[in-house]
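Please look over the sequence and the model before reading the points below.

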Amino acid sequence: MNLRLIGIEILTEFERGNDLRSIIENRTSKLKAIDRAFLREIVLGTIRYKKFLDFCIKSASGKDPERQLLEVKSALRLSAYQITFMKV
């Protein structure tokens, strides 16, 4: 199971207007505690720093993340968060 892929799926569902708390609970209920903690960190961190991450993505690529497909946008933001703020 790829935790980053699950994180991207959670972010995508959230961007579509679904309730974040219920999405996280549904998608992480069967995971080990350490995996749930990792997912919560990357998902909530990505949401928390969304504007900053979009700025970094736009600066690096020259393209506005808002104009990307929803799944691509979620993947870019999550990846940028992990590279910028985490050591994994």
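Helices here are DSSP runs of H or I with at least four residues, numbered from the N terminus. By that rule, E15 is found in helix α1. The model is predicted.

**Helix α1 against helix α2**

- Helix α1 spans residues 3–15 and helix α2 residues 20–28; their axes come within 10 Å and cross at roughly 150°.
- Angles over 145 degrees count as roughly antiparallel, so α1 is roughly antiparallel to α2.
- The crossing of α1 and α2 is right-handed.
- On the α1 side the contact is made by I6, E9, I10, E13 and F14, and on the α2 side by L20, I23, I24, R27 and T28.
- By class, the residues of this α1–α2 contact divide into 6 nonpolar, 1 polar and 3 charged.

**Helix α1 against helix α5**

- The axes of α1 and α5 are 9 Å apart, and the two helices pack at an angle of about 125°.
- This angle makes α1 oblique to α5.
- The crossing of α1 and α5 is right-handed.
- From α1, the residues R4, G7, I8, L11, T12 and E15 take part; they meet L70, E71, K73, S74, A75, R77, L78 and Q82 of α5.
- The contact of α1 with α5 has 5 nonpolar, 4 polar and 5 charged residues.

**Helix α3 against helix α5**

- Helix α3 covers residues 33–48; its axis and that of α5 come within 9 Å and cross at roughly 105°.
- Angles of 65 to 115 degrees count as roughly perpendicular, and α3 and α5 are therefore roughly perpendicular to each other.
- F38, E41, I42, G45, T46 and R48 of α3 make this contact with R77, L78, Y81 and Q82 of α5.
- The α3–α5 contact is made up of 4 nonpolar, 3 polar and 3 charged residues.

**Salt bridges**

- Side chains of opposite charge can pair when their charged atoms come close.
- The whole structure holds 9 salt bridges.
- One of these pairs is E13 with R27, whose closest N and O atoms are 3.4 Å apart.
- E13 lies in helix α1 and R27 in helix α2, so this pair links distant parts of the chain, 14 residues apart.
- Both partners count as partly exposed: E13 has a relative accessible area of 25%, and R27 has a relative accessibility of 29%.
- R77 and E15 also form a salt bridge, with an N to O distance of 3.4 Å.
- R77 lies in helix α5 (residues 70–85) and E15 in helix α1, so the pair ties together parts that are 62 residues apart in sequence.
- R77 is buried, with a relative accessible area of 3%, whereas E15 is partly exposed at 29%.
- In the salt bridge of E66 with K73, the closest N and O atoms are 3.5 Å apart.
- E66 is partly exposed, with a relative accessible area of 42%, while K73 counts as buried at 7% relative accessibility.

**E15 and its surroundings**

- Which residues does E15 contact, leaving aside its neighbours within four places in sequence? They are K50, L70, K73 and R77.
- E15 and V72 are 57 residues apart in sequence, and their C-alpha atoms are 12 Å apart in space.

**S79**

- S79 has its place in helix α5.
- Is S79 buried, partly exposed or exposed? With a relative accessibility of 35%, S79 counts as partly exposed.
- Between S79 and T28 there are 51 residues of separation in sequence and 19 Å in space, C-alpha to C-alpha.
- T28 is one of the α2 residues in the contact with α1.

Methods:
Residues are numbered from 1 along each chain as its sequence is written. This is a predicted model: local features need pLDDT of at least 70, side-chain atom pairs count only at pLDDT 80 or more; totals for chains, interfaces and linings use all residues. Side-chain values use heavy atoms; hydrogens and water are left out. Axes are lines fitted to C-alpha atoms, for helices over the stretch in contact, and angles run from 0 to 180 degrees between N-to-C directions. Angles under 35 degrees count as roughly parallel, over 145 as roughly antiparallel, 65 to 115 as roughly perpendicular and the rest as oblique. A crossing is left-handed if the near helix is turned anticlockwise from the far one by less than a right angle, and right-handed if clockwise. Contact means heavy atoms within 4.5 Å. Ala, Val, Leu, Ile, Met, Phe, Trp, Tyr, Cys and Pro count as nonpolar, Asp, Glu, Lys and Arg as charged, and the others, Gly among them, as polar. A salt bridge is a side-chain nitrogen of Lys or Arg within 4 Å of a carboxyl oxygen of Asp or Glu. Buried means under 20% relative accessible area, exposed over 50%, partly exposed in between (1.4 Å probe, protein chains only).
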